[in-house]
Amino acid sequence: MLSSPSVPGYGFSGRPTGTGWDPDHIAGAWAELMKRLGYTRYVAQGGDWGTPISSAMARQKAPGLLGIHINLPATVPPEVAAALPMGGPAPAGLSEKERAVFDALVASGKRGTWPTSR
């Protein structure tokens, strides 16, 4: 059976009454939803906003989650990937444009929003 929950506030999902509905929070809510629906084994697929949500489900080791498939992966050098979760500092040697992107990713992570393209 296929099941695809809507992101809170979109599609068939009601608008949240409180703040804090970032990808990590939504991932936890979706894992709870799958449990309440009786799924003991499932996979998650994500694109656009589903990518960070599905990725968060994997990081959180959601019970019953067998795997994820994402079609908007973020590919960054290992030293950048290591610095992003800590909020910086940016690795040495980045160009001005790369530094601007790094700073935008750090800021968006703190806000729980997806950065806009430049």
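**Reading a predicted chain, question by question**

Student: At 48% relative accessibility, does D48 count as buried, exposed or partly exposed?
Tutor: This is a predicted model, in which local features need pLDDT of at least 70 and side-chain atom pairs count only at pLDDT 80 or more, while totals for chains, interfaces and linings use all residues. Residues are numbered from 1 along each chain as its sequence is written, and side-chain values use heavy atoms, with hydrogens and water left out. Buried means under 20% relative accessible area, exposed means over 50%, and partly exposed lies in between, with a 1.4 Å probe and protein chains only. At 48% relative accessibility, D48 therefore counts as partly exposed.

Student: What pattern does the chain follow when read along the sequence?
Tutor: Helices (DSSP runs of H or I, at least four residues) and strands (runs of E, at least two) are numbered from the N terminus. The secondary structure of the chain comes to four helices and two strands. Read along the sequence, the pattern is α-β-α-β-α-α.

Student: At roughly what angle do the axes of helix 1 and helix 2 cross?
Tutor: Two packed helices are described by the angle between their axes and the distance between the axes. Here an axis is a line fitted to C-alpha atoms, for helices over the stretch in contact, and angles run from 0 to 180 degrees between N-to-C directions. The axes of helix 1 (residues 23–36) and helix 2 (residues 50–59) come within 8 Å, and they cross at roughly 70 degrees.

Student: How is helix 1 placed relative to helix 2, roughly parallel or roughly perpendicular?
Tutor: Angles under 35 degrees count as roughly parallel, those over 145 as roughly antiparallel, those from 65 to 115 as roughly perpendicular, and the rest as oblique. The crossing angle is roughly 70 degrees, which makes helix 1, relative to helix 2, roughly perpendicular.

Student: Is the crossing of helix 1 and helix 2 left-handed or right-handed?
Tutor: A crossing is left-handed if the near helix is turned anticlockwise from the far one by less than a right angle, and right-handed if clockwise. The crossing of helix 1 and helix 2 is right-handed.

Student: How many nonpolar residues does the contact of helix 1 with helix 2 have?
Tutor: Contact means heavy atoms within 4.5 Å, and P23, D24, I26, A27, W30 and A31 in helix 1 meet P52, I53, A56, M57 and R59 in helix 2. Ala, Val, Leu, Ile, Met, Phe, Trp, Tyr, Cys and Pro count as nonpolar, Asp, Glu, Lys and Arg as charged, and the others, Gly among them, as polar. By class, this contact has two charged residues, no polar ones and, for the nonpolar class, nine.

Student: How many of the ten residues of helix 2 are buried?
Tutor: The buried residues of helix 2 are G50, T51, P52, I53, S54, S55, A56 and M57. What covers them includes helix 1, strand 1 and strand 2 (65–70). Helix 2 is mostly covered, and the number of its ten residues that are buried is eight.

Student: How far apart in space are Y42 and L66, C-alpha to C-alpha?
Tutor: Y42 has its place in strand 1 and, at 6% relative accessibility, counts as buried. Leaving aside its neighbours within four places in sequence, Y42 is in contact with several residues, among them A31, M57, L65 and L66. Y42 and L66 are 24 residues apart in sequence, and their C-alpha to C-alpha distance is 5.8 Å.

Student: What is the phi of K61, approximately?
Tutor: Most residues other than glycine have a negative phi, and most peptide bonds are trans. K61 is found in the loop between helix 2 and strand 2 and, at 71% relative accessibility, counts as exposed. Phi of K61 is a positive value in a residue other than glycine, near 55 degrees.

Student: Which residue does a cis peptide bond join to G88?
Tutor: The loop between helix 3 (78–83) and helix 4 (96–111) holds P89. With omega at about 5 degrees, the cis peptide bond joins G88 and P89.
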